[in-house]
Amino acid sequence: MTEMQYDWTFDSPAGGHQVDVLGDTQGATATIQSLLTDSAGEPPSIPAPTDCLVTLPAGLGRDDHIITEAEVRELTGADEEALARVRSNPLRLLETLLELGTVRIGDVPATSDVLPQLLLGDRDALVLAIRRVTFGDEMEFSEIVCSTCGDTFSATISLGDIQSQKADVGRLTVPLRKGGYAIVRFPTGADQAAMLADPKATNAEHNSILLSRCLVEMRDGQGNTKAGGEDLAKALGLADRRTILSQLAASQPGPRLLEVSIEHEACGGEVPLPLSVADLFRDF
């Protein structure tokens, strides 16, 4: 195999000859200065990095207070290599991304023990912030199919315009079909990991796992109480299961990534453009 050699020379714009950097340091310096001076046109515009501080929509409960400030950082080439190795596993990709890009939650270091305690909406907010501080606020899309006129178009969206929803870390009360109500809590990263642990599980099984973890208790119309758990999650009627899951999704704090849309200027139609972690980091 031929060893690659680097030619440490610069082309001189004045005489068309090469300047030996090691043998003629003064000539090299003059050549570089000439190149900088003679450069035509405006310098390229480099977007300023987005603030690394993030306000979490819900926050992390600690003792008698809620921590809502977090810090993220720009991803590096080493991070890109680490993410590429887990690209085929969406859950591992998300966990790795958060571990690499999140610095702290308040004064608490963002470790693999702390991050799973965050609500899904807070984790989405961190992912979005890591994307913005790494690549900037704008994101380009091509070959968007307009649902109104059927035409294909390209567009750029501002990630800073994505709406976010706040909510308390506390519990949610959901009325049930035959009276009574269910008390549920918002899912965390740990709940998500448990739900997606088995890649062969069906959507119905995913729902059962999530409900078994997030359903705190159920009270019927007569005031009888049942503690949450796997048995109750599977015993619930389909309508009640779907009501609870839809209420959790609608009330979940965090950026509304699945509700992003863009206007097709040619026809005025509003085109849904739901985003996922894979979409935000599609280049990895």
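Visitor: Which residues does Ala-233 touch, not counting residues up to four places away in sequence?

Guide: A contact means heavy atoms within 4.5 Å. By that criterion, and with residues up to four places away in sequence left out, Ala-233 touches Ser-208, Leu-211, Ser-212 and Arg-241. This is a predicted model, in which local features need pLDDT of at least 70 and side-chain atom pairs count only at pLDDT 80 or more, while totals for chains, interfaces and linings use all residues. Residues are numbered from 1 along each chain as its sequence is written, and side-chain values use heavy atoms, with hydrogens and water left out.

Visitor: Where is Ala-233 placed, and is Ala-233 buried or exposed?

Guide: Ala-233 is in helix α7 (residues 230–235); helices (H or I, at least four residues) and strands (E, at least two) are DSSP runs, numbered from the N terminus. Buried means under 20% relative accessible area, exposed over 50%, and partly exposed in between (1.4 Å probe, protein chains only). With 0% relative accessibility, Ala-233 therefore counts as buried. From Ala-233 to Cys-214, 19 residues apart in sequence, the C-alpha to C-alpha distance is 9.5 Å.

Visitor: How many helices and strands does the protein have, and what share of its contacts joins residues 24 or more positions apart?

Guide: The protein has nine helices and 16 strands. Of its contacts with a separation of 6 or more, 57% are between residues 24 or more positions apart. Buried residues amount to 38% of the 284 residues.

Visitor: What span should helix α3 have?

Guide: The expected span of a helix is 1.5 Å times one less than its number of residues. The twelve residues of α3 (residues 90–101) should therefore span 16 Å, and the end C-alpha atoms, 16 Å apart, agree with this. At the start of α3, a side-chain oxygen of Asn-89 comes to within 3.2 Å of the backbone nitrogen of Leu-91.

Visitor: Which residues of α3 are buried, and what covers them?

Guide: An α-helix has 3.6 residues a turn, so residues three or four places apart point the same way. In α3 the buried residues are Leu-91, Leu-93, Leu-94, Thr-96, Leu-97, Leu-98 and Gly-101. Their cover includes the strands β4 (65–72) and β5 (102–105), together with the helices α2 (77–85), α4 (120–135), α5 (189–195) and α9 (277–280).

Visitor: At what angle do α2 and α3 pack?

Guide: Axes are lines fitted to C-alpha atoms, for helices over the stretch in contact, and angles run from 0 to 180 degrees between N-to-C directions. Angles under 35 degrees count as roughly parallel, over 145 as roughly antiparallel, 65 to 115 as roughly perpendicular and the rest as oblique. The angle between α2 and α3 is about 160°, with their axes 9 Å apart, and the two helices are therefore roughly antiparallel. Asp-79, Ala-82 and Leu-83 of α2 meet Leu-93, Thr-96, Leu-97 and Leu-100 of α3.

Visitor: How far apart are the axes of α6 and α8?

Guide: The axes of α6 and helix α8 (residues 238–251) are 11 Å apart, and the helices pack at an angle of about 70°. That makes α6 roughly perpendicular to α8. Ala-204, Asn-207, Ser-208, Leu-210 and Leu-211 of α6 make the contact with Arg-241, Ile-244 and Leu-245 of α8.

Visitor: What is the phi of Asp-63?

Guide: Most residues other than glycine have a negative phi. Asp-63 is not a glycine, yet its phi is positive, at about 55°. Asp-63 is found in the loop between β3 (53–62) and β4 and, at 82% relative accessibility, counts as exposed. Glu-143 likewise has a positive phi, near 55°; Glu-143 is in strand β7 (residues 138–145) and, at 66% relative accessibility, counts as exposed.

Visitor: Which backbone nitrogen does the side chain of Thr-188 reach?

Guide: A polar contact is a pair of N or O atoms within 3.5 Å; within protein, one must be able to donate a hydrogen and the other to accept it, and residues adjacent in sequence count only if both atoms are side-chain atoms. The side chain of Thr-188 reaches the backbone nitrogen of Ala-190 at 3.3 Å. Thr-188 lies in the loop between β11 (181–185) and α5 and, at 13% relative accessibility, counts as buried.
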